[in-house]
Amino acid sequence: MLNPNRDFTILLVDDREENLLALEEMLADENRVFIKATSGNQALRHALRNDNIGLIMLDVQMPEMDGFEVARLLKTNQKTKHISIIFVTAINKEEHYMLKGFDEGAVDYLQKPLDINVTKAKVKVFQHLYQYQQELKYTAIELRRINQQLEKFAFIIAHDMKSPLTGIIGALSLLEMDEDGELSAEECKEYISHSKEAALYLANMINALLDYSRKSLAEQTVEEVNVQDMVEEIVHNLFLPPHVTFKITTALPILWTKKLKLQQVFQNLISNAVKYNNKPDATIELGCQEKGDLYEFYVRDNGPGIPFQDHENIFKFFRTSINMATSESSTGVGLSILKILVEEQGGKIWVDSDSSLGSVFYFEWKK
Amino acid sequence: MTNRYNVLIVEDDAFIRKVLRQSLKNDFEVTTHINGIEAMSWLEQGNPVDVILTDLQMPYLNGQDLIKTIRASPMFKNLPIIILSTYDDSNTRIACLELGADDYMTKPFNPLEVKAKVLAVMRRSK
């Protein structure tokens with residue numbers, strides 16, 4: 001349901017086999033799929049069962065149920081009423097009158113005997129129409145999905161920003177209420193410094209969000225990316241401190257992808273591995289392995305590790321792990337944005353960590 | 001002042017915990033815990049608690065689960081519970097009250113209001 005169907009399925013309806021074969025031969029083309037029915041009833045069954053039918057070529061003169069009756073039934077059913085119909089008819093006087101009844105909706109007719117060029121051209125027009133419709137449908141679904149994601153995003157942010165504000169407002173209220181000077185100088189100082197910390201945290205949060213929204217708007221073109229070169233460039237620009245050793249342990253692929261996004265993921269994971277590392281000789285390893293239609297990348301560090309109960313939390317907005325929260329510049333926005341970036345591409349991101357040995361962050365990226 | 005009420009605060013944020021303690025300590029005996037599990041074990045050890053003031057979003061036993069656990073326990077099912085949460089939508093409020101909370105306050109809060117609510121709930125429960 002995520003990609004518009006490139007195939008164009010045509011249901012051919014005629015009580016005479018030889019006509020069906022002739023029509024199929026005439027219209028055969030790449031990406032066209034044909035379904036054939038030799039009666040009105042059969043045609044209705046196909047139309048109800050198959051969701052991909054884009055056009056019905058309907059012979060008018062058939063025994064039992066004629067083409068007009070079939071069309072009327074199709075138009076009254078919610079599931080089939082939007083399917084385009086081309087009547088194939090000799091157009092005598094009576095039929096001309098009947099055709100008027102189908103003025104509305106995507107209905108057209110072809111006159112027997114069929115002219116090859118006219119028939120092909122008409123079907124082509126309907127095919128284009130169908131494909132535009134499919135694209136529109138797909139776009140609408142995509143937009144709805146993005147909208148929901150945004151709503152959720154806004155809700156989480158608004159909610160999580162309240163936490164530091166609650167502390168600030170509470171502390172300031174206590175200071176304000178303390179008219180008798182009951183609070184010790186030390187306590188007053190503590191409330192003030194806590195409030196300041198919480199305010200700085202909020203400011204960091206806002207910066208991270210602005211950064212994120214700028215990155216979402218930034219160029220999103222697909223280009224060839226040599227991951228090896230990209231990682232080396234990132235590491236070079238991070239100016240790693242001398243106690244940090246960085247190693248690429250496997251061959252890295254060349255990808256056709258949105259470079260900025262992949263770069264952001266690597267950059268954050270590598271700089272986190274440096275930032276939170278508490279060892280005198282920090283080691284960071286980066287590698288990759290193929291997994292079906294995905295590459296699985298990993299960034300391994302020998303830092304403090306992450307407690308098991310935080311393995312999922314760290315990817316949520318404004319949640320940081322215990323050891324992370326002590327660092328000034330940790331706002332908890334980074335990893336949740338990485339999660340969005342990775343999931344947008346159809347992959348997953350997760351962490352595996354043994355507190356004594358450090359952490360390994362894995363993420364998947366489409367080939 | 002020997003008959004002061006015992007307030008149990010359950011809140012995972014250290015700073016907010018401190019502010020709450022400060023807001024209530026002049027009028028109540030205050031104990032604080034960082035999640036529902038710790039709060040439950042404090043209760044089960046037989047410590048005196050007259051009212052619980054709890055956050056909703058906490059690791060391990062969260063606020064809603066804490067309400068359920070307390071209301072399901074024969075010992076503590078009548079213990080007054082006040083929610084103090086950043087969620088201010090009516091769905092969450094209704095859900096909590098239906099689960100058995102006695103009152104619901106939102107963050108950011110006014111310390112005087114927290115104190116007044118605790119007193120009001122105590123007045124009703126005695």
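A residue is taken as buried here if 20 or more other C-beta atoms lie within 10 Å of its own, and since what you have open is a predicted model, the tour reads every such assignment from predicted coordinates.

Begin by selecting chain B, where buried residues account for 39% of the 126 residues. Among the contacts in chain B with a separation of 6 or more, 55% are between residues 24 or more positions apart.

Next, select B:Asp55, which sits in the loop between β3 (51-54) and α3 (63-72) of chain B. An unreviewed UniProt entry carries the annotation "modified residue: 4-aspartylphosphate" at B:Asp55. Is B:Asp55 buried or exposed? B:Asp55 counts as buried because it has 26 C-beta neighbours inside 10 Å, where the cut-off is 20 or more.

Finally, bring chain A into view and turn to the contact between the chains, which takes 15 residues from chain A and 14 residues from chain B. On the side of chain A that touches chain B, α5 (116-177) and α6 (185-217) of chain A each supply at least two residues, and α5(A) gives the most, with twelve residues. Coloured by residue class, that side of chain A divides into six nonpolar, eight polar and one charged.

Notes: Residues are numbered from 1 along each chain as its sequence is written. Chains are lettered from A and ligands numbered from 1 in the order in which they are written. This is a predicted model: local features need pLDDT of at least 70, side-chain atom pairs count only at pLDDT 80 or more; totals for chains, interfaces and linings use all residues. A residue is buried if 20 or more other C-beta atoms lie within 10 Å of its own, exposed if 12 or fewer, and partly exposed in between; C-beta atoms are placed from the backbone. Two residues are in contact if their C-beta atoms, placed from the backbone, lie within 7 Å. Helices (H or I, at least four residues) and strands (E, at least two) are DSSP runs, numbered from the N terminus. Ala, Val, Leu, Ile, Met, Phe, Trp, Tyr, Cys and Pro count as nonpolar, Asp, Glu, Lys and Arg as charged, and the others, Gly among them, as polar. UniProt positions are given in the numbering used here, feature names are shortened, and annotations may be inferred rather than shown by experiment.
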